[in-house]
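Dear colleague,

Please find below the structure that I am handing over to you.

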Amino acid sequence: MKKNIKRVAVLGSGIMGSRIACHFANIGVEVLLLDIVPRELTDEDKKKGLSEDDPRFRNKIVNEAFETAVKSKPAPLYHKDYAHRIQLGNFSDDMSKIADVDWIIEVVVENLDIKKKVFDQVEQHRKPGTIVSSNTSGIPIHLMTEGRSDDFNKNFAGTHFFNPPRYLKLLEIIPTPHTDPELTDFLMDYGSRFLGKTTVLCKDTPAFIANRVGIYSIMKVVETMKKLDLNVDEIDKLTGPVIGRPKSATFRTSDVVGLDTLVKVANNLHAALEHDEEREIFALPQEVKQLEERNWLGDKTKQGFYKKTADKNGKREILTLDLKDMEYKPKSKVSFATLEQTKPIDNLAKRFPVLLAGKDKAGEFYRHSFFGVFTYVSNRIPEIADELYKIDDAICTGFGWEMGPFATWDALGVKRTVKTMEELGYKPNQWVYDMLESGAETFYKSEKGVKKYYDVESKSYHAIPGTEEFILLDTLKDSHVLWSNKGTTIYDLGDGILNVEFHTKMNSLGSEVAEGINRALDMAEKDYRGVVIGNEGANFSAGANLAMVFMFAIEQEYDELDFMIRSFQKTMMRVRYSSVPVVVAPHGLTLGGGCELTMHGDVAQAAAETYIGLVEVGVGLIPGGGGTKEFALRASDRYRDGDVELNEFQNRLMTIAQAKVATSAHEAYDLGILQKSDLITLNKDRQIAEAKKTAIKLAEAGYTQPVERTDIKVHGRASLALAHAGVNGMKMGNYISAHDAKIAEKVAWVMSGGDLSQPTEVSETYLLDLEREAFLSLLGEKKTLERIKHMLQTGKPLRN
């Protein structure tokens, strides 16, 4: 099916509808967002002089919903300017406009009768062949096709986005028996390629896949909590990042999403799942019922499992609900021996066996909660999915798990875990025993760079469909590794392209990463065509290895520090001036040194969700790996484009001095971190493959080794005076501290080229020397060391 999606209509402007509209606008699609006309004028409307015919009244609901969405945090738009791609209107006056769109998405209230009335209107105006879909989270999709035309049904399916649509990657595609198979294939591909989603093909079963398994997991946690007499604080400690789940864990997540949402889905599942062996686990516990009755639904009602308040000194305090007496109490300190044992283990897969072997309540909690989920998901095949990877994909991208149930089971050892499960009264589905009996001992395996899953029906391993266009480094570890050290691995991606992956803590950049980058460039310049620098961590890089910098600074090992910074600068220049193209693939947090590395590649192949910036000021330093130099160079290039020179200098200076971080790759263009030649990948899973294609394209275009720049225009005393006046004004107004002012002056010194009497053209090497001297001088400051220490201890910047 060949369809070109230029315009989309979103019917319903609530929390989901408005944000789905925003995400389509993110990818360049024109959007028509419609909602109902208010029933009657309010007293406030009358005071404003509005009439029932006034568009401001008739579009009031959609206008207010959209305004709320655009102002919300985290932002639903990659860039504020994209809001102009969305046209607002109402069902009564503007439904005829859907005749001009390519896809109509229904996102009205979860009521089948109301949805059918909306579809009646859609049938009156849509042109034949237009895609129609519903974002329902629980109403059976096939019920919506009753009484509809053949063309409607042929082009209709469920498209279930997860909230917030920009950030949660899951898009469940649910066809009906009438859906054209080509449409199903199109939606699966479009969602992945253009919307950046992990598209999961679902059966039309209650709550589909993610909510069915996710809500079961939550209810199993609550059941186990009561059984082991654990409290809310303990559960959120046990079910957060330590097991690869979001920081909000279980109960904080409920407060954010809204307890009413959890209650609604659980009640619907309990009503619909008459033959589910675990049906009763979806029955609401008495404590949850009390919360609902008291309207303690979470953030939306100012209290739920947690409540924000102020202590006697007016300081903000978060209280935790004691489910035994329903009273809010100070947060309890949580400590388990099992958790202490896992602190040195960064690798999640290696952490799981330790967690489940624990001899305390934590270990017991993990065994019961995990084994319950393992049993449940094994029994859901083939009911909700024929293939097990769909369950893992859905729960990971819909609920933010790093590893799905089957991948976790693999990490624990399937055969060994089944035996332990039986000892505790859990028995997985027979197909798991059949798999083990056949000699297959894992649900997943990698062969020649291809990730495969165990197919229950054929009792054999198949490649995961849809991943043919992905390059997944994890699948290359057994066959494509050319070199590695403690912090980096170099892979052969094929077609003459190498990939440098770093896997230090937070992917921080230290000597082992610099060694890996230089080794890859040595290899590529001799025998290959190009290099990609990319990884599959949660974040590309949190920056330089601050712990090492702090240690040398405390011991006043300035020669060592000078060597370290000089080596990092040389590595960045090596990336810039290699004889082969280098493509850097940033994603997630890309801070400090990670940002500097990105700016020195030939092309940045950035993930859309890249949060990038030069943040060294937060630890009392300036960018010392070429970042300050690079901003001076890029400002100079803008001068040639006719920009007002000192204005451009000041903008670049403030970006560093205020440690500005782009909240998307699109915003990074505004900050001057990404340039016109840089590219954006919507789907993170496709990023390294697309970076490889970019490297090949550069090589085949006849890549020529660049020459170091010696024509960088700097302004010397003129820009220093401008910077001093601005910084001094901010200090006098108490907007910045004296140390902040000193750092900003250092940035200005480097970007100005030092104390030059007139505008001068200088070289990159000249600016790098100034940058390194300024960086090292700040490391001799007590307040800088205080900032670094505070960051290492708390993960947060200190203003002193």
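**Aromatic pairs**

The count of aromatic pairs in this structure comes to 29. Please bear in mind that the model is a predicted one. In one of these pairs, the ring centres of Phe-371 and Tyr-426 are 6.2 Å apart and the planes stand at 70 degrees, so the pair is edge-to-face. Phe-371 belongs to helix H16 (residues 361-379), while Tyr-426 sits in the loop between helix H19 (414-423) and helix H20 (430-437), so the pair ties together parts that are 55 residues apart in sequence. Phe-371 and Tyr-426 are both buried.

Phe-502 and Phe-540 also form an edge-to-face pair, with 5.4 Å from centre to centre and 65 degrees between the planes. Here strand S17 (residues 497-502) contributes Phe-502, and the loop between strand S18 (530-533) and helix H22 (546-554) contributes Phe-540, so this pair ties together parts that are 38 residues apart in sequence. Phe-502 and Phe-540 are buried as well.

**Nonpolar cores**

The largest nonpolar core has 111 residues, of which Tyr-366, Phe-406, Trp-431 and Phe-443 touch the most other members. Leaving aside residues up to four places away in sequence, Trp-431 touches Ser-378, Ile-381, Leu-388, Phe-406, Phe-443, Tyr-454 and Val-456. Another core, of 51 residues, lies apart from this one and includes Leu-546, Ala-748, Leu-785 and Ile-788.

**Cavities**

Across the whole structure, the search finds two cavities of 30 Å³ or more. The largest cavity holds about 120 Å³ of space. It is lined by 14 residues, and the closest to its centre are Ser-217, Arg-245, Ser-369, Phe-370 and Val-373. H16 provides the largest share of this lining, five residues. By class, the lining of the largest cavity comprises eight nonpolar, four polar and two charged residues.

The second largest cavity has a volume of about 100 Å³. Among its 13 lining residues, Val-222, Phe-251, Val-288, Phe-305 and Leu-323 are the closest to the centre. H9 gives the most to this lining, with four residues. The lining of the second largest cavity has nine nonpolar, two polar and two charged residues.

**Second largest pocket**

The second largest pocket has a volume of about 440 Å³. Of its 16 lining residues, Arg-638, Arg-652, Tyr-669, Gly-672 and Leu-674 are the closest to the centre. Helix H25 (627-640), helix H26 (645-657) and helix H27 (665-670) are the elements that give two or more residues to this lining, and the largest share, four residues, comes from H26. The lining of this pocket has three nonpolar, four polar and nine charged residues.

With kind regards

Key. Residues are numbered from 1 along each chain as its sequence is written. This is a predicted model: local features need pLDDT of at least 70, side-chain atom pairs count only at pLDDT 80 or more; totals for chains, interfaces and linings use all residues. Side-chain values use heavy atoms; hydrogens and water are left out. A nonpolar core is a set of buried Ala, Val, Leu, Ile, Met, Phe, Trp, Tyr and Cys residues joined through side-chain atoms within 4.5 Å. Buried means under 20% relative accessible area, exposed over 50%, partly exposed in between (1.4 Å probe, protein chains only). Contact means heavy atoms within 4.5 Å. On a 1 Å grid over the protein atoms alone, a cavity is a set of points where a 1.4 Å probe fits but cannot get out, and a pocket is an open set with protein on both sides within 12 Å along at least five of seven lines; lining residues have an atom within 4 Å of a point. Grid points are joined across faces, edges and corners, and a volume is the space filled by probe spheres set on the points. Ala, Val, Leu, Ile, Met, Phe, Trp, Tyr, Cys and Pro count as nonpolar, Asp, Glu, Lys and Arg as charged, and the others, Gly among them, as polar. Rings of Phe, Tyr and Trp (its six-membered ring) pair if their centres lie within 6.5 Å; planes under 30 degrees apart count as stacked, over 60 as edge-to-face and the rest as tilted.
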